[in-house]
Amino acid sequence: MSNRILFILKSREGNWGYGSKESGLSNSVRFVVDMLTARGIVAKAVEVNDNNDIDREVTAWRPSHVVIEAFWVVPEKFDVLRPLHPDVQWIVRDHSETPFLANEGIAFGWTVDYLRRDIEVMCNSPRAVADMATVAMSCGQSPINVTYGPNVYPVPSMENMVPHVRKTDVVDIGCFGAVRPLKNHMTQAIAAMAFADSVGVTLKFHINATRMEGKGEPVLKNLRELFARSRHTLVEHGWMPHADFLDVLQDIDILMQVSFTETFNIVAADAMAASVPVLVSREIPWVGAYAHRDPTDAADMAQGLFGIWIEDERERVARLLAQRRDMERYVACSVHTWVRRFGGSYMARSLKVAHA
């Protein structure tokens, strides 16, 4: 039987504003499914309410592989699912680096319990693979079931990469994503203020203010109180569908994601697709060093913002093309990883064409 990959996400309750139930996780899974489907590999994504819905979806679709997206299925549930579906390869996919997972109290214990049950733990970054392999070996498990399943992203066509018109008296800087301490909003806001003051423009600092995680509430409170006392403006957006977010990015001059920890960062990828220059930390693996700044140093970030702001049109176009090329290289490697794992017939056809 050819491979049939079923990706299962846990449906979240409520929404984070604007009625949207989309998340970075659901979008990242959609991109992978679309990529696999485009290459003739049968794949599907579904959302379920809880552990008890998994059997129904697997029974209905009869996959060869099931990828549980993120840590939400209790390990003991696989003691029930595996006998019911003995031909299925079960995979739990990790989307975070160790510093973020350290705040998820179940992640590492569950990882060991998954591996003990011969459940594959797939990580979306090489560093997370290495960390989880260490966890496995230190707890008496083979690391063979710790694997790599990276993000992919639909890179826009070249003609869509058009620089935004630069403003003169205001700068719109985006620092989107869930408000959580490791996202580093506060230092980035201070850096944006320092930059705006240095060039004599008013700052509009854009955030998503309706999704807070990992004790992000004090961060949002501090942002609101700081901007309320300054001459600059905090622009609060709700959580929105992906297409609407791409529209919002059309009014953004620079995107900041100088985070303490990341594995991919769809927000930065969206900025690349929307022709917005990005300033990031080295944690974001697909962006070149030209965009890297120190997440602990507001002055260093402000200098990076200044460098982007003073670029002429030729330099701005070169930056946007560099971002696009960086993403193309990353995605090409990611696609190869997925197709090599799941696309046996596709790989065979590709090799036949290559040697024709």
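1. Helices here are DSSP runs of H or I with at least four residues, strands are runs of E with at least two, and both are numbered from the N terminus. The model is a predicted one, in which local features need pLDDT of at least 70 and side-chain atom pairs count only at pLDDT 80 or more, while totals for chains, interfaces and linings use all residues. Residues are numbered from 1 along each chain as its sequence is written, and side-chain values use heavy atoms, with hydrogens and water left out.

2. The H5 and H6 pair. In H5, Phe 108, Thr 111, Val 112 and Leu 115 meet Met 132, Val 135 and Ala 136 of H6. By class, this contact has 6 nonpolar, 1 polar and no charged residues; Ala, Val, Leu, Ile, Met, Phe, Trp, Tyr, Cys and Pro count as nonpolar, Asp, Glu, Lys and Arg as charged, and the others, Gly among them, as polar.

3. Geometry of that pair. The axes of H5 (residues 107-116) and H6 (residues 126-138) come within 10 Å and cross at roughly 65°; axes are lines fitted to C-alpha atoms, for helices over the stretch in contact, and angles run from 0 to 180 degrees between N-to-C directions. H5 and H6 are therefore roughly perpendicular to each other, on a scale where angles under 35 degrees count as roughly parallel, over 145 as roughly antiparallel, 65 to 115 as roughly perpendicular and the rest as oblique. H5 passes H6 in a right-handed crossing; a crossing is right-handed if the near helix is turned clockwise from the far one by less than a right angle, and left-handed if anticlockwise.

4. The H7 and H11 pair. H7 (residues 185-199) packs on H11 (residues 298-309) at an angle of about 50°, with their axes 8 Å apart. That angle makes H7 oblique to H11, and the crossing of the two is right-handed. H7 contributes Thr 187, Gln 188, Ile 190, Ala 191, Ala 192, Ala 194, Phe 195 and Val 199, and H11 contributes Ala 298, Met 301, Ala 302, Leu 305, Phe 306 and Trp 309. By class, the contact has 12 nonpolar, 2 polar and no charged residues.

5. The H7 and H8 pair. H7 also packs with H8 (residues 217-228), at an angle of about 20° and with their axes 10 Å apart. H7 and H8 are therefore roughly parallel to each other, and H7 passes H8 in a right-handed crossing. His 185, Met 186, Ala 189, Ile 190 and Met 193 in H7 meet Val 219, Asn 222, Leu 223, Leu 226 and Phe 227 in H8. This contact comprises 8 nonpolar, 2 polar and no charged residues.

6. The cavities. On a 1 Å grid over the protein atoms alone, a cavity is a set of points where a 1.4 Å probe fits but cannot get out, a pocket is an open set with protein on both sides within 12 Å along at least five of seven lines, and lining residues have an atom within 4 Å of a point. Grid points are joined across faces, edges and corners, and a volume is the space filled by probe spheres set on the points. There are 2 cavities of 30 Å³ or more. The largest cavity has a volume of about 70 Å³, and its lining includes His 164, Arg 166, Asp 253, Trp 309 and Arg 316. That lining divides into 6 nonpolar, 2 polar and 3 charged residues. The second largest cavity holds about 30 Å³ and is lined by Met 161, Pro 163, Val 317, Leu 320 and Leu 321.

7. The largest pocket. Its volume is about 1,300 Å³. Of its 50 lining residues, Gly 24, Leu 25, Arg 180, Arg 211 and Glu 213 lie nearest its centre. H1 gives the most to this lining, with 5 residues. By class, the lining has 17 nonpolar, 18 polar and 15 charged residues.

8. The second largest pocket. This pocket has a volume of about 210 Å³. It is lined by 11 residues, of which Arg 62, Pro 63, His 85, Asp 87 and Val 88 are the closest to its centre. Its lining divides into 6 nonpolar, 3 polar and 2 charged residues.

Key
Contact = heavy atoms within 4.5 Å.
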